[in-house]
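Here is a friendly briefing on ring pairs, charges over rings and nonpolar cores. Please have a look at the model first.

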Amino acid sequence: MAVKEDPVSQADENEEDYDEYEEEEVESESPETSQPMMRERMERLLRRMSSEKVPLRVHDVIIKGNNKTKESLIEAEVQALRTATSMQELLQAATIANARLQKLGIFDSVNVTLDSGPADLPGTSNVIVEVVESKNWVTGDVGVFTKPEARSWSIEGALKLKNILGHGDIWDGSLSYGWDQASEVSTGVSLPRFMKLVNPVTARLSLLSQDWLKFSSYKEQALGLSLGLLSTRNHDLAYNLSWRTLTDPSQMASKSVRSQLGHNLLSDLKYTFKIDRRNSHLRPTRGFAFVSTTQLGGIFPDYRSARFIRQEFDLRYALPLGFARAALNFGVAGGVTFPWGSGFSNRPLSFTDRFFLGGNSSPVCSLGGPTSILGFKTRGVGPSEPRREVGQKSENAGSERDFLGGDLAVTGFADLSFDLPLKVLRNSNIHGHAFASVGSVVKLTENSFRDLSFQKYRDSFRSSAGIGLIVPTKLFRMEVNYCYILRQLEHDRAKTGVQFSFSPPL
């Protein structure tokens, strides 16, 4: 953003003799004295701006450089410039307009210049908005990713097209193929301004296939459409419509899994409120974060539509300790989901709408709801049933179980991070930590809540503790942890020992 000299003299219109003085001063200027004069005027303006408002009105907003982008889009993003009534308000509005145009992701550079208005209109300014549209309107990337704790690999690719229609539209397609886990093909579009709506609108079509045979004896396929209806800094509202199919290729699923094989329809509204005031997502040392998610399923009038209400929350707090960049992070997360409609208390929830705990993702980075307890394997916590015995595999099959998830989940953690003594490690932000985590997931549906007492609920909590080394990068946070299982139940999948964890930034 640039400010030219002329608005300085234009803004002083309330001083009766200012214009005459300025004319005399300009006439007497020489090349040798022009630069000191300009500095003096700027210093005078800054002193005045710090003590009082400098009246100024925007006469016109001039847009340049938009060969492809619709002028109406840029006009909408810089509308606040026209309502400024002082130099201070105009500078603030110009800064915000610059940031909003940059955020569209379709310009290589944005420059907002404040120039003088017409000579016959003192106290006015013209605002020049000059943009440079992106030369590369097509971008893409591809990569191979691994999760050592899950012994899985995946290849992912994405292609993005920018501003094809000139409305700031972003079109993208992505492909993810995972060995023995999940595969997804999706395409979507994002419009920062759709018709007269103030908030951006997004739409996404996806085909997702997930293999849960190692944990719950079923495969899941979902063909879905997602519409983003509201997206701001703190609020997000989306509508999702998805046709889901559960299958059992192994023919060894437990009774509960077999009862849910087939098709069901998901039609839901999902609202998320999020506030994050932490100073870092990978290594927070101060601040707090809070997320609340409310989901209402079953708004589509179809008997196969899954009807449920789901509420989640997640609260984090980081407290600096004042030595060795040490900080204490602690948090608590919880969630409950329950069916609604006729006979809701007797109906089970679909597995895809339940809570599953376990996995080695860092609780410090995974903001959103109850997910992991370090030391417990993926989907390795909670209610389970033995798989069906088939032929000669009955002995092995009887020892394997399907984890069914739960309707009420709570997790908590405490994490003490600190610098290590070696300077080379401190310079690379490699640090150590000690942690403790606890969690529980229980079943409420099919009248199970009637048998849940305070004593049984207290006994359902699992816990672990440990120490580890953290290597944060711009792309992910890697942890090498030694986890010790403090408490587990009979059929939980947990292990004391060294484990690896990779967590992407939020």
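Phenylalanine 351 is buried (under 20% relative accessible area, with exposed over 50% and partly exposed in between, for a 1.4 Å probe and protein chains only), at a relative accessible area of 1%. Bear in mind that this is a predicted model, in which local features need pLDDT of at least 70 and side-chain atom pairs count only at pLDDT 80 or more, while totals for chains, interfaces and linings use all residues. Residues are numbered from 1 along each chain as its sequence is written, and side-chain values use heavy atoms, leaving out hydrogens and water.

**Aromatic pairs**

- The structure holds six aromatic pairs, meaning rings of Phe, Tyr and Trp (its six-membered ring) with centres within 6.5 Å; planes under 30 degrees apart count as stacked, over 60 as edge-to-face and the rest as tilted.
- One of them joins tyrosine 218 and phenylalanine 351, whose ring centres are 5.6 Å apart with planes at 20 degrees, so this pair is stacked.
- The two residues are 133 residues apart: tyrosine 218 is in the loop between helix H6 (213-216) and strand E10 (219-231), and phenylalanine 351 is in the loop between strand E15 (327-339) and strand E16 (384-386).
- Helices (H or I, at least four residues) and strands (E, at least two) are DSSP runs, numbered from the N terminus.
- Tyrosine 218 is buried too, with a relative accessible area of 0%.
- The rings of tyrosine 317 and phenylalanine 330 have centres 5.9 Å apart and planes at 40 degrees, so that pair is tilted.
- Tyrosine 317 is partly exposed at 38% relative accessibility, and phenylalanine 330 is partly exposed with a relative accessible area of 38%.

**Charges over rings**

- The charged end of lysine 68 sits over the ring of tryptophan 137, 5.9 Å from its centre; the criterion is NZ of Lys or CZ of Arg within 6 Å of the ring centre and within 35 degrees of the ring normal.
- Arginine 310 has its charged end over the ring of phenylalanine 355, 4.0 Å from the centre.

**Nonpolar cores**

- The largest nonpolar core has 26 residues, and Val61, Leu81 and Phe107 are among those with the most contacts inside it; a core is a set of buried Ala, Val, Leu, Ile, Met, Phe, Trp, Tyr and Cys residues joined through side-chain atoms within 4.5 Å.
- Elements giving two or more residues to this core include strand E2 (57-64) and helix H5 (87-103), and H5 gives the most, with six residues.
- Apart from this core lies another, of nine residues, including Trp212 and Leu246.
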